[in-house]
Amino acid sequence: MNIIVMIKQVPDTSEVRISRETNTLIRDGVPSIINPYDMYAIEEAIRLREQHGGTVTAVTMGPPQATDALKHAVSMGVDNVVLLSDRAFAGADTWATSYALAKGIQKIGPFDLVIAGKQAIDGDTAQVGPETADMLGIPFVAYIRKIEKVEPGMMVVERLMDEGYDVVETTLPALITVVKEINQPRLPSLKGKMKAKNISVTTLTAVDLTADENKLGLKGSPTQVVKIFPPTPRGDREMLSGTIGEQLDTVAKKLKKQAII
Amino acid sequence: MDYMLTEEQIMIRDLARQVAEEKIVPVRAELDEQNKFPTDIMKAMGQADLMGLFIPEEYGGLGKKVLELCIAVEEISKACVGVSTSYAANALGTYPLLLYGTDEQKKKYLPDIATGKRLVAFGLTEANAGSDASGIQTTAKLDGNEYVLNGTKQWITNGIEAEIYTIVALTNRSKGPRGASAFVVEKGTPGFTFGKKENKMGIRASSTTELIFSDCRIPKENLIAKEGMGFIIAMKTLDSSRIGVGAQGVGVAQGAIDESIRFAKGRIQFGQPVTSFQAVQHILADMQTQTEAARALVYSVARAMDSGAKDFSRASAMAKLFATDTAMKVTTDAVQVMGGSGYMKEYPVEKMMRDAKILQIYEGTNQIQRNVIALDMIREVSRQK
Ligand SMILES: Cc1cc2nc3c(=O)[nH]c(=O)nc-3n(C[C@H](O)[C@H](O)[C@H](O)COP(=O)(O)OP(=O)(O)OC[C@H]3O[C@@H](n4cnc5c(N)ncnc54)[C@H](O)[C@@H]3O)c2cc1C
Ligand SMILES: Cc1cc2nc3c(=O)[nH]c(=O)nc-3n(C[C@H](O)[C@H](O)[C@H](O)COP(=O)(O)OP(=O)(O)OC[C@H]3O[C@@H](n4cnc5c(N)ncnc54)[C@H](O)[C@@H]3O)c2cc1C
């Protein structure tokens, strides 16, 4: 089973500062880590390889320093790593990032499964997974909390929902994003660390990807950040129980009480 | 102090530290309180390749040596000596195979030990044979193609958790110490059961149990080296592993210093941090100086062993003695520096103080270490005459 993991290097804090002028993140002086959700993706990929054989390749788009994130993935047991790095990628929004990643994944070669974290802690959009799947033209399932079964050409997964979970069967190749409930990421191993020390990271540029320049970086980014603000918190919620009839009665009572109906 | 560690040794230290901080520190109080074996932590250490650190590469290990093992043991001991005892006893139990096993025996057992799949225990001590190991009464009689074991081993670390056991038993009672032999016994062998599980003062995350052999038949091939080699194997094993107990002492002492200075800096009495009192400063200075001296001794003995020193009994006895006496003193002082808080279970130093005590007792009490050192000194003088 050949698995590709999409990882992102992020600042080691959810308290990122934002530049007033450019409305983008200030990364200087903040230590970098692998996006925590991507750690679950790496762990799950390694576990699948341990059960089914094959290889795990980690791919990231980022500046040359993102090599550190790839090396950390190797220290955990990832076999191969690919860095997509080019000035032309700079300023990419999720759409342009997904385009570069999809191109990179196609370049890596045949695969059965792509795994990513549900979202990155710096942007929190949860868009790159589904967009990349769309550009690759493969099925996408979000918020996987468990992989139940893998067979040639198909897989059964559990998708975490607000209440409970869905059991989803998908054909392979597919792209899934995972949540923290799926596993407990392992620590690096010594053999992995030694391998990481010596590994040479393959770097692919826009030319290597035969990518359309107009779809990359700032040029290829339709997103305009107008304003950044914390969302208003969700109001109080209440789960109703009982039969449908009882629940409807309760709703009616509550609406009446508040003089809405 | 800079010990000029290699890049690889630093890598090992950092990884062991990461295991300690992420996996051990959050649960150590619970393991201690509940007398619970750290199964998950041992697994994580296996996955991180730490279980196979000292095992040759050809048998699935990392092929590292004594200093690397000491560095790992020190880091783990900084967090919890109960866990580091379980970890170090694994090495103790493996040494007889490593030092004297045939290629076949090594191939059979070492790969599983290297990955942490199977744990090992070393069984020498009995009710009537502690410091005086020659008092053992467990017997192994050859019967056809099998040895038949009878007797009870006491206080065996990893006892019930291990799956591979190296056991010293008498093959010939009449020959005294020369009549002892070493064997490998696997868990599940009929006639091999477990007795009392000890309830201990400290290192409560480690398991200490009785091993009971009653007409336990093991294949002849499980003999390590030759009949009569039992005590030589046991002594060489302890000679090799004793330095690890020294590393445990350095680790727990440093752990206690780190905790107590952090606390004392923030503890205000008489309008100032208690670290501003010279009485407290001097205690801290002595704690760190003694610990650094212990570390320097442990590292230099480990380096001598790694460079092929032949006779290191005295040196390793000194390292074990000094580092563990230091650990007892430093952990006691750490409690003192923290005052009443140090005595409470909310802070880890009272546990460190309880844990440190065992280091002066097992793998040869510190009195026995002094015997070894003094006898070697006297022998040297006699030779010079
Ligand atoms: C928690 C724990 C884990 C252990 N794990 C293992 C294990 O995995 N495998 C194993 O085989 N054993 C193990 N042991 C046994 C351990 O090695 C012995 O406890 C140790 O060797 C001391 O023996 P003893 O307890 O019988 O003390 P004793 O020998 O009864 O000593 C009592 C006192 O007399 C002193 N003494 C004895 N003889 C002399 C002498 N000749 N000169 C001066 N003073 C002397 C001692 O220093 C001590 O102070 C373990 C013990 C403990 C407590
Ligand atoms: C089990 C237990 C039972 C207790 N029972 C009672 C009780 O029944 N009633 C009661 O009132 N109290 C009780 N106490 C409190 C006890 O008396 C205090 O813990 C003790 O006075 C020390 O104070 P501290 O713990 O705040 O340590 P701290 O005063 O914080 O001392 C920390 C360290 O700084 C040192 N230090 C502090 N000031 C100086 C200085 N000026 N010069 C040099 N060194 C200094 C101390 O010696 C110590 O090493 C109890 C404590 C315990 C642990």
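In the hairpin of S9(A) and S10(A), with two residues between the strands, Gly153(A) has a positive phi near 80°. The model is predicted: local features need pLDDT of at least 70, side-chain atom pairs count only at pLDDT 80 or more, and totals for chains, interfaces and linings use all residues. Residues are numbered from 1 along each chain as its sequence is written, and side-chain values use heavy atoms, without hydrogens and water.

**Exercise 1.** Describe how S10(A) pairs with S9(A) and with S11(A).

*Solution.* 
- Strands (E, at least two residues) are DSSP runs, numbered from the N terminus, and two of them pair if DSSP finds at least two bridges between them.
- S9 (residues 140-151) and S10(A) run antiparallel and are joined by six bridges; Lys149(A) stands opposite Val156(A) in S10(A).
- Seven bridges link S10(A) to S11 (residues 165-171), again in the antiparallel sense; Arg159(A) faces Asp166(A) in S11(A).
- The hairpin of S10(A) and S11(A) has four residues between the strands, and Gly164(A) there takes a positive phi near 75°.

**Exercise 2.** Why is S10(A) described as largely enclosed?

*Solution.* 
- Buried means under 20% relative accessible area, exposed over 50%, partly exposed in between (1.4 Å probe, protein chains only).
- Five of the seven residues of S10 (residues 154-160) are buried, so the rest of the structure largely encloses this strand.

**Exercise 3.** Is Leu101(A) buried or exposed, and which residues does Leu101(A) touch?

*Solution.* 
- Leu101(A) is buried, at a relative accessible area of 5%.
- Counting contact as heavy atoms within 4.5 Å, and leaving out residues up to four places away in sequence, Leu101(A) touches Met6(A), Val59(A), Thr60(A), Met61(A), Leu84(A), Val128(A) and Thr132(A).

Methods
Chains lettered and ligands numbered in written order.
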